[in-house]
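Trainee: I would like to go through this model term by term. Please set each value against its definition.

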Amino acid sequence: MVVASGASGEPRPETAPPLVEVEHLSYRYRRAAEPAIRDVSLAVHPGEVVLVAGPSGCGKSTLIRAINGLIPHAYSGELAGAVLVEGRLTTELKLRDIARTVGTVLQDPAKQIVGSMVESELAFGPENFGVPREEIAERIREVASQAGIEALLGRETAALSGGERQLLAMAAILMMRPRLFVVDEPLANLDPATAERLLTLLRALADEGSAIVIVEHRVEEALALAPDRVLYLDEGRTRYLGSVDGFLDVADPSAVRLPFAVVAKRAAMAPAEPDSSRGAEPAVKGPAPADAAPRLEFRGVTAAIGGTQILRGVDARLGPAEVVAVLGPNGSGKTTLFRTAMRLLDITGGSILVDGVSHAGRRTAELATEFGYVFQSPSQMLFARTVEDELLFGPRNLGRDPATFDELVADSLRRTALHELDDIRSRPPLALSFGQQKRLALAIALALRPETLILDEPSAGQDHRTAEAFMREVLAIPGLRSLYLVTHDVDLALTHADRILLFREGRVVADGPPKVVIADTARWTACNLRSTSLMEANKAWGPAAGPFLDADTLARRLAAQRPTARSGPGREAEGVDC
Amino acid sequence: MSAISMDRRNNLWEVTSRTIVYAAIGAALYGILLVAQLPIPGSTVSVRPAFAIVPFFGYAFGPIVGFFTGFVGNAIGDQISGWGALTSWNWSIANGLVGLIAGLAPLYLQRWVNGSTRDRAIGGAIAGVIAVLIGFLFVFTDNILQGLDIATIFSTLYVPVVVGDLIGTIILVPILVYAWEPVKAQLGR
Amino acid sequence: MNIAPRYLGRGSWLARRDPRVLILVVFFFIFTVLQIWDARLVFGLLIISVIYYRTAAIPWAQIRRNWTVVFLFIGMLVTVNMLVAGGNVEAMPEGEPDVLFYFPLLGTPISAQSVSLAVTQFLRYLAMATIGFPVAFAIAPSDFGVAFRRLGVPEKFAFGIDLTFRFLPSLSADFQSTVDAQRIRGFDWSAGATGFLTRVRRSTPVIVPTVVNAIAGAEDTIDAMDLRGFGTGRRTWLRLLVYDREDWLVLGFFVALLVAATLGGFLGTSDELWTPQFLIDIAQG
């Protein structure tokens with residue numbers, strides 16, 4: 001454990017007692033073999049912002065539950081150490097009493113929202129506490145203005161966008177007037193504009209004397225909040241607790257997403273290593289020659305959902321041997337594009353060609369043998385008793401020859417590295433971990449032997465490190481020739497795609513290699529996309545064509561090129577970051 | 001009465017946030033699947049695979065969740081299809097009773113409920129069958145409410161509904177128990 | 001597929017009533033109709049229900065299909081009841097029925113009385129359905145929880161009703177994406193499966209993932225409720241329901257109707273079947 005010393009690492013001298021004190025906390029869930037966190041200590045004072053960073057499974061969620069009282073009140077397990085809220089042990093308080101001090105914004109706002117209407121969601125907490133009706137109405141007015149969501153009043157929560165939901169979830173906690181806000185990965189699905197609003201709101205709360213505990217692995221974005229301290233967790237243990245500067249010196253760039261300047265500086269200081277391109281060569285290779293016949297072509301495609309026009313004349317050609325990422329704001333038609341390609345949604349105009357032939361006469365399942373379509377959430381299609389049955393569901397429906405099944409299953413499992421798990425064929429699919437289910441979803445798509453995969457939001461529900469690893473696995477699948485993906489993760493798209501299709505309001509507004517597409521900053525911003533430091537660094541020093549380099553590779557390359565740290569890229573990169 | 005069975009009794013009727021969330025999810029799912037599968041409002045006379053949700057929710061989460069799932073789910077199904085949530089309120093109660101009776105399985109099927117996954121799956125089917133046969137007796141109130149003859153109710157309402165729902169229950173409840181058990185174990189509370 | 005309550009009567013006179021009124025009226029009216037077997041009086045009740053229904057201003061074009069189904073369903077039930085049971089109902093008058101003819105195959109006597117009974121039943125059913133429709137189209141979905149709470153339903157369950165409406169759109173979207181995911185695997189769920197067993201078995205690929213994911217996804221919602229003190233004490237409801245004068249008038253009217261029906265049964269003949277003379281004449285040749 002590294003604890004920074006010195007003035008910046010310590011909380012400012014406070015006269016106010018801490019709102020929350022976590023003392024040598026360890027916790028093991030009832031059914032788990034190992035503790036989820038071990039010997040973690042943290043005190044949070046009024047006016048402080050504490051960033052808790054770390055990769056998935058580092059113990060962040062457990063720490064949050066210990067602070068807000070769900071541990072020990074809603075979870076059973078073994079607790080050692082103590083958590084005090086305003087000086088009282090959480091074990092001796094009721095959840096209701098803890099909630100008066102600690103307000104929690106959960107990771108997935110869609111699940112936190114319990115009201116059908118925006119007002120009923122806002123009112124929910126105060127209603128449960130028996131706050132008089134007039135006062136609730138008054139608070140709704142205040143909070144709506146404070147959170148900037150007046151425009152949402154009177155709307156149904158089901159009709160809100162992801163960003164609006166996140167703001168509403170935050171506002172619903174504001175309604176309860178806690179003194180400490182615990183916010184779990186609030187930036188996961190936010191466009192830059194909404195993220196900025198949320199961060200500004202949190203900063204203002206801290207400046208007015210509330211305390212904020214923000215849990216994020218998107219460190220680059222969270223730093224905008226100017227946290228007073230950072231708690232860096234990995235595998236349930238404290239790796240660091242102290243100032244931001246000290247944290248940036250010790251954080252692992254593959255575990256949390258750091259600003260590129262930091263990565264570059266660290267690479268420059270590290271002993272020079274040859275540019276180690278990691279893993280095997282990707283199976284999906286390079287952009288196709290410009291004259292190659294497209295595998296999937298959209299000609300003036302229009303489509304509507306429930307009377308709302310979503311695609312407004314899309315022209316696009318996707319090649320047989322390339323990685324294409326579709327980027328754009330929510331509701332711009334990215335996902336709808338591929339739903340029409342798979343005939344999950346009928347087009348209202350134009351045509352779609354597969355290998356030069358209109359796909360109008362083909363069934364969805366036939367198209368799935370050309371394009372393996374992988375949905376965002378893997379579990380939503382799993383139903384069979386065993387993995388083997390799950391894999392064979394498609395081939396059986398399509399009337400494939402049963403004699404080939406054994407080889408087909410073996411092959412699909414091998415290509416997705418699932419064969420490494422014991423008894424994988426007979427395991428119940430729904431009992432697999434999230435990561436394993438994601439790979440199973442790939443295997444299911446591959447069982448129909450497509451040459452192309454279409455991935456819808458491959459990084460959903462995963463942190464930076466696992467999403468990166470997943471993409472590398474996908475690109476290394478043998479026999480796969482092309483990959484099309486829909487994503488809102490800018491860095492993921494830019495570092496893996498040969499070509500970017502930029503969507504806005506149902507049209508393609510840009511089409512080309514990453515470097516070309518990001519060149520027009522105004523257009524990029526208009527699509528509500530984030531300008532990441534990695535993107536800027538690639539713009540300055542990255543390759544002219546093809547996918548961008550990931551932070552680590554680019555940083556190493558720069559360090560190798562100019563080995564002196566003083567005049568080297570570290571400083572320039574820092575300049576870029578600012 | 002032993003302390004253990006006292007505990008179980010308390011658990012069976014306890015109402016927590018969990019109870020209410022499961023109940024609302026069960027009712028919403030039942031309502032949605034009713035409408036998705038059966039575009040005939042108010043009519044309960046058809047094969048409705050979705051019906052298995054009612055005994056399953058009762059069996060898996062207790063009599064309160066089961067009653068709410070059946071009662072509110074049927075009313076919501078009627079509501080969405082336009083029949084009106086309350087017009088066939090006695091049918092909603094019948095549905096609710098099915099969930100309730102399935103949820104009481106720990107009182108009459110201890111051996112199955114406390115056994116292996118296989119036992120629990122079979123127990124679910126048995127509880128479902130008992131619940132369907134008894135719960136739908138409540139539709140005989142149509143004799144008073146609609147002035148329908150007992151023989152008519154028996155032949156045109158009770159038998160077709162019960163037969164259809166029994167098939168759904170016997171096949172789907174065990175499948176749902178098998179699918180749910182490993183997921184439940186992972187939630188780890 | 002659009003699975004959501006349709007609040008078509010929004011803004012109408014009936015929709016502006018306290019939602020409790022619409023709920024109570026259904027029960028008052030159903031128990032009124034129950035007690036009346038004289039078709040002339042039932043017809044009067046039907047007129048009342050239609051007038052009441054009209055105040056909800058539900059656009060006809062959007063619910064024509066619902067009405068068609070209601071007519072078919074009621075017609076089917078009543079006809080079967082007549083053909084199978086031939087009118088063995090306690091409401092039937094004493095004495096020998098005036099038989100018109102015997103139904104082929106079943107041999108059920110079709111009499112002046114059993115025809116009258118069928119017509120009366122049809123009108124009764126129709127009147128009840130008409131009174132029930134506005135509950136579907138003229139109550140704001142978000143008002144159900146508080147309305148039932150104020151009618152005495154325990155707090156947690158009343159909120160459970162609200163929560164059910166909250167889950168409808170998200171779960172039906174999840175359901176739709178499961179259907180899509182399986183279509184990609186060559187499984188067309190909506191394709192006509194005929195047999196009982198086939199149809200049930202074929203539903204597992206869509207029902208199982210939908211149900212299991214919905215339950216597994218409930219954990220966060222449960223936490224979100226616990227963290228905001230749900231169920232830990234008496235709660236207030238933001239929505240305030242107050243009966244106004246018109247609400248009281250509507251309620252008073254339907255209560256009066258119920259009282260009149262009850263008295264009519266004791267004092268008069270409103271609870272006895274009325275058979276038009278011309279039908280008896282036909283039967284008696």
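Mentor: Start with the salt bridge: a side-chain nitrogen of Lys or Arg within 4 Å of a carboxyl oxygen of Asp or Glu. By that rule Arg295(A), Asp355(A), Arg362(A), Arg363(A), Glu366(A) and Glu370(A) are linked in a network of salt bridges. This is a predicted model, in which local features need pLDDT of at least 70 and side-chain atom pairs count only at pLDDT 80 or more, while totals for chains, interfaces and linings use all residues. Residues are numbered from 1 along each chain as its sequence is written, chains are lettered from A and ligands numbered from 1 in the order in which they are written, and side-chain values use heavy atoms, with hydrogens and water left out.

Trainee: What makes Arg179(A) and Glu86(A) a salt bridge?

Mentor: Their closest N and O atoms are 2.7 Å apart, and the limit is 4 Å, so the pair qualifies. Arg179(A) sits in the loop between α7 and β8 (180-184), and Glu86(A) in the loop between β5 (77-85) and β6 (88-89), so the pair ties together parts of chain A that are 93 residues apart in sequence. Helices (H or I, at least four residues) and strands (E, at least two) are DSSP runs, numbered from the N terminus.

Trainee: Why is Arg499(A) called buried?

Mentor: Buried means under 20% relative accessible area, exposed over 50%, and partly exposed in between (1.4 Å probe, protein chains only). Arg499(A) has 15% relative accessibility, so the residue counts as buried. Its salt-bridge partner is Asp511(A), with the closest N and O atoms 2.7 Å apart. Asp511(A) is at 40%, and therefore partly exposed. The two lie in strands β20 (499-504) and β21 (507-512) of chain A, twelve residues apart.

Trainee: Which class do Asp38(C) and Arg40(C) fall in?

Mentor: Asp38(C) is buried because its relative accessibility is 7%, whereas Arg40(C), at 48%, is partly exposed. Their side chains meet in a salt bridge (2.9 Å, N to O).

Trainee: Why is Trp13(B) called partly exposed?

Mentor: Its relative accessibility is 38%, so the label is partly exposed. Trp13(B) belongs to helix α1 (residues 3-13) of chain B. Contact means heavy atoms within 4.5 Å. Leaving aside neighbours within four places in sequence, Trp13(B) is in contact with Pro63(B), Ile64(B), Leu100(B) and Leu104(B).

Trainee: How do you know how much area is buried between chain A and chain C?

Mentor: Buried area is the accessible area (1.4 Å probe) that two parts lose on being put together, summed over both. For chain A and chain C the value is about 4,300 Å², of which carbon and sulfur atoms give 59%. Lys111(A), Arg133(A) and Gln380(A) supply 15% of the area that chain A buries against chain C, more than any other three residues. The contact takes 58 residues from chain A and 43 residues from chain C.

Trainee: How many salt bridges are counted between chain A and chain C?

Mentor: Four. In one of them Arg185(C) pairs with Glu390(A), the closest N and O atoms being 3.0 Å apart. On the side of chain A that touches chain C, α5(A) gives the largest share, eight residues.
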